Amino acid sequence: MDYYLQQLAIGLSLGMVYALMAIGFTLIFGVLNVVNFAHGEVYTIGAFAGLVVITAFAPPLFVVLLIVVAVGALAGVGLERIAFKPFRRFSDEASLKSRAMREATLMSSLAVSIIVREAIEIGFGSQFQTVPLDRLLNKPISLGPVTIVSGDVIIFVVAALMLGGLQYVLKRTNVGLSIRAVSSNPLGAKYVGINTDRTIIWTFAVGSMMGAAAGILVGLYYGAIFPSMGFIPGIKAFVAMVMGGLSSIPGAVICALILGFSESIATIFVPSVWADMVAYGFLIVTLIFFPRGIFGGARDRV
Amino acid sequence: MDRRNLLIGAGLAALVASGGMAFAQQPVVKLGYQLPLTGNTAQYGQDFKNAAEIALAKFNSSGKPFKVEIIFEDSRSDAKEGIAIARKFVDNKEIVGVLGDFTSGVSMASAQVYKSAGMPQLSQTASHPDYAKISEWQFRNITTQAQEGPYNANWMLERGFKKIAVIAEQTDWGQTVVSNFADEVKAKGGEIVFSEFFNRGLADFRPIITKIAREKPDAIYTGFFYEDGAQFLKQMKQLGVDIPVYSTSAAYNQKLIELAGADAEGMHLTATFLPSNPAPHVQEFVAAWKEKTGQAEPGQFPAQAYDAVNIMLAAVEKAWPEPTRQKVRDALAATKDFPGVTGDTTFDANREPAKKLTKAVVKNGQFVAVTD
C-alpha cells in the first residue's frame, strides 16, 4: 500500500512540473492559435538566468524568482518581436485571415529556438551545469509513509498562484478582457478598437514570465540545468495542451496532472522505458474520442 | 574565447612552421580525429580534443624526425556526419590513421568506410562488443563490459551481496552492461531480483527507485553515465533509500561528485584511471590537463583519449619512415605493454585491449582506490 501511495505522490509532483510549463504555453497558443516552439527555450533561459544570479549574488529564492521573471518577460517580448511580429506587418483583411501567414510563425519560432539553444551551448557548454547543492529544492519531507521534497511544496504553491492569478487577470481585468477578445476573434477585436499588437506582446510577456519561472524552479528541483532541458517538458506541455482542448488553461493543468500520474503509475506495471508511451497513448485516445480535447467543448477560449 | 585562442594558436603554429622551414624541411604526418564538438555530447568531444592536443604537443616537442598534425572533424555524434567525415579522411591521401568516434553507433557506422578503404581506426570509447569485430582495421582503447561485467559481479558477490537489482540505460551499451553482469551473477549462484532499462536523460528516477526499493535487494548495479548517475543518486537520497550502489567505469567522472555532492558518498565503481595515482606519467597528464582546461582533474574518458592518441603516435613512429596506412595498422596491432595513464595496453588478436581494473569508492568527495 505504501508503495502505491509513494508512486501516486511522485506522479502528482511530476504532473505539477508539467503543469507549470503548460500554463504559459497554453496562454500563448490561446491567443495566437499557433504553437510557440520557442517556449522551451524561454524555460531554459529562465533556468540559466537564475543559475547565473545564484552563483553571482546568492540572493534568496524569492529574489531569484523575481529576476528570472523579469528576464523571462524580456525574452518573451524579444521573441515576439523577432519571430512573430514580422508576420503581422500586413494589416489587410486577406493577410489577417491567412492561415499561411500565421503558421509561418511555427517555422520562425522553431528557428529562434534552435539559435537560442545553440547559443547557450556555445556559451555554457552542453553538459549539466553545476548548481550549488544547498540551493537545490530537494530536502526530503516525510508525510507518514510517503516522502516528498521541499520543491514539491514550492512548485505546488507557484503553480496554484499562476493558475489563480491568470484566471483573475483574464476574467476580471481589462487586459484580460482584450486578451480573451483577441483570442476568440483577432479581426473582430481589431475592428472594435482593441490594440491587438499590444495585447499580443502582453500575452508573450506574461506567458514567458511563467515559462522562465518554471525553468528555474524545475532546474533547482532536479538540479539539472543544461541547454536542451526545455525540449522534453515542452513536448509534455504540448501533449497536455492538446488533451486539454488546445486553449483551456485549467484543462491543460488537469491533463498535465493526468500525464504525471499515468507516467508514475505506468512504471508500477511496465518498465519505465514504456512510461512515455502510456502518456502518448492517452493523447491518441483523447484525439480519437474527444477531437476537441477533454475540456475543449465550451466556446470561450483561454 | 576558444575560437580566438585557436586563431592565435593557428597563427603561432604557422609562424613556427615557417620558421622551421627556414632551418630544415620537417616532414608532417597527418592523422584524423572524428568526435562530437557540438550537439548534446559536445562536452565529451571537447574533452577528447583537449586531451589529444596535450598528447600531440608533447610528441611534437620531443625532437622526433617528423611532426604530426591532427585534423579534427565534428561528427555531432550523428552517424550520417560520421560517415561523411570518414569519406573525407579516406580521400585525404596524407592521412595515415584515424581516431574516434565517441559513441559505439557512430564509430561502427564510420568503421564500414574505413574497412573498405583500409584505414586504421582507433576509438577511445566505442565499447560495443561488435565494434572491433568489424574488420582488422578497428581498434579500441576501452575495456568492454565483457571484462567489466564479470569483474564487478565477482566483486559484489565476494562482498556478500546475493540479491542484486540491475538498471542500465536503454542503449546498445546498456544492454551489454546488464547481460554480461547478470550472466556471471547467475553462474556464481547470485540472484538478479530486478532488471530494468531507462531512457538516457530521464529527469525523474523516483518511480524506478521506489520500484527497486520494494524488491529489497542487497545492492544495486547500475549502467549509467555521470549525469544520469548524479540524478539517480540524489533521488535515492531524497526518497531515503539506503542500498549500496555499484557502477561501471562509465560513471567515473569528477563531475558526478560535483553534481551529486554528499549523495554520491559510498558509491562503488571500477576504473582504469585514477587521477590520484602517484605514477609520474599520470601526474604529468593531470597537471597538463589542469593547466590547459582550467578544470578539475580529468575523468576517465579524456584519459582514454590521451592514451589512444599516444598509442597512435607510437604506431606512426614505428611505421616511420614512409608511414602508410597498412604499416600504421600493423604497428598498432603489435602494441604491447604500452605504458599509458589508463594502465598498460596490449592489443590481443581481436584488437581488444586488456587493462587492469581498479576498484574505487567515493569517499569525502574523491574517488579513492579500495582493495575489497
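Mentor: A salt bridge is a side-chain nitrogen of Lys or Arg within 4 Å of a carboxyl oxygen of Asp or Glu. This is a predicted model, in which local features need pLDDT of at least 70, side-chain atom pairs count only at pLDDT 80 or more, and totals for chains, interfaces and linings use all residues. Residues are numbered from 1 along each chain as its sequence is written, chains are lettered from A in the order in which they are written, and side-chain values use heavy atoms, without hydrogens and water.

Trainee: What makes R76(B) and E118(A) a salt bridge?

Mentor: Their side chains meet at 3.9 Å, N to O, and the cut-off is 4 Å, so the pair qualifies. The rule finds 1 salt bridge across the interface of chain B and chain A.

Trainee: Why is K255(B) called buried?

Mentor: Its relative accessible area is 15%. Buried means under 20%, exposed over 50% and partly exposed in between (1.4 Å probe, protein chains only), so the word applies. K255(B) lies in helix α9 of chain B, helices being DSSP runs of H or I with at least four residues, numbered from the N terminus.

Trainee: Which residues are in contact with K255(B), leaving aside neighbours within four places in sequence?

Mentor: Q127(A), F128(A), Q129(A), T130(A) and Y226(B); contact means heavy atoms within 4.5 Å.

Trainee: How many residues does each chain bring to the contact?

Mentor: Chain B gives 33 residues and chain A gives 34 residues. In chain B, R206(B), P207(B) and Q238(B) lose the most area to chain A, together 21% of what that side buries. Buried area is the accessible area (1.4 Å probe) that two parts lose on being put together, summed over both; here the figure is about 2,700 Å².

Conventions
Helices (H or I, at least four residues) and strands (E, at least two) are DSSP runs, numbered from the N terminus.
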